[in-house]
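Work through the exercises below with the sequence and the 3D structure open. Each task is followed by a stepwise solution.

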Amino acid sequence: MSQEHPLVSVIIPSYNRSDVLRLCLDAVKEQTYPHIEVIVVDDCGTEDAARVAASKGATVVRTHVNGGPTPARNLGAEHATGDILFFLDADIALDPDAVENAVRILESHPEIGALGGVLRPESLVSQSLASQYRAVQMHRWWMPAHRPTLELHASVLAVPAKVFAEVGPFDPRLRETVSSDYRIRVTCSHQVKLSDAIRGRKDHDPTVRTILRKVFRRARLSALDWHQGETPGDSVPRAVGGVLLLAAVPALALPMVAGRAGALVPPALVAAAAALDAGTHRFAFAQRGAAFGVYFSGVHLAVTFTGALGGAVGVLQRLALSRLEKPAQMLAAQD
């Protein structure tokens, strides 16, 4: 780092939800590490998020068009002056020692080019069963602290400014695979680490319907954006489990042709899919008890199935687009 106490630029892309942004900024203000500048990027929101951010002492930058969190993060980085860029989503409230721990880890391990955090298994504001499901699922599934990981999540991410300048900004053309793309680029010259010393609580969606809609959309777009080096669904066993759940649907017709033996196939496929992610189910039971665990398992199977379905649709769209592009490329070559 360039100084004894490096300045940390906390960059927060924001689109509406000023109530949650207020909690996010309050948590940043309560950090045990004092050398922080806060940059909130208002992504053309319609609420008073910019006023809330300014009232909390943050520097406010505004995008020209609503482009999503990736261009907003890049714009915030352009205005940052810190030695460390700490990217943080506006619906996450950090633990008080999160920034201090990030600085300590990056200072003691200069080989790390990107340092990710994890989400606590509790929702920040919404306490519906669905939001509690999502909190446990994302803690265990998306951002696990209990095993080595190849994933990277821009929602809680510390990057030395010199590494960000070297690697370049997040790719604004990507939609759901921007974090995977950035991880691949960073690992060309640096290490990537995920640490459970950097934690925060996220405000999760309050209904299963909203969760399923987002899961389908993200899986479909991830399949469209996928490129070599990424792990499908962030985990091969989970991806296989999703395929098994998809296969269970047409297998429902097996009793018509195979009798009683055919009737055993669909539940066997569902059981195999659950077994491939058994640790997640056990974690839910251990964290919240049997009643919640049963609820969690039912919703989790639906989420896994929906993600696999979205991925399958994305793969089909990708194949269709590639077939359409080939004739266009041939015509362009002839011209």
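The exercises cover the nonpolar cores, strand pairing, aromatic pairs and one annotated segment.

The model is predicted, so local features need pLDDT of at least 70 and side-chain atom pairs count only at pLDDT 80 or more, while totals for chains, interfaces and linings use all residues. Residues are numbered from 1 along each chain as its sequence is written, and side-chain values use heavy atoms, with hydrogens and water left out.

**Exercise 1.** Find which residues touch the most other members of the largest nonpolar core.

Solution. Step 1: apply the definition, a set of buried Ala, Val, Leu, Ile, Met, Phe, Trp, Tyr and Cys residues joined through side-chain atoms within 4.5 Å. Buried means under 20% relative accessible area, exposed over 50%, and partly exposed in between (1.4 Å probe, protein chains only). Step 2: the largest core has 32 residues, and I12, F86 and L88 touch the most other members. Helix α4 (residues 98-108) gives the most to this core, with six residues; helices (H or I, at least four residues) and strands (E, at least two) are DSSP runs, numbered from the N terminus. Step 3: another core of 23 residues lies apart from it, including A114 and L174.

**Exercise 2.** Determine how strand β8 pairs with β5 and with β6.

Solution. Step 1: two strands pair if DSSP finds at least two bridges between them. Step 2: β5 (residues 92-94) and β8 (residues 191-202) run antiparallel, joined by three bridges, and A93 has R201 as its bridge partner. Step 3: β6 (residues 112-119) runs parallel to β8, with six bridges; here A114 stands opposite V192.

**Exercise 3.** Classify the ring pair F87 and F164.

Solution. Step 1: rings of Phe, Tyr and Trp (its six-membered ring) pair if their centres lie within 6.5 Å; planes under 30 degrees apart count as stacked, over 60 as edge-to-face and the rest as tilted. Step 2: F87 and F164 are 5.6 Å apart centre to centre, with 40° between the planes, and the pair is tilted. Step 3: F87 is in strand β4 (residues 84-88) and F164 in helix α6 (residues 161-167), 77 residues apart.

**Exercise 4.** Describe the chain over residues 292-316.

Solution. Step 1: an unreviewed UniProt entry places a "transmembrane region" at residues 292-316; such annotations may be inferred rather than shown by experiment, and positions follow the numbering used here, with feature names shortened. Step 2: this stretch is 100% helix and 0% strand, and its end C-alpha atoms are 36 Å apart.
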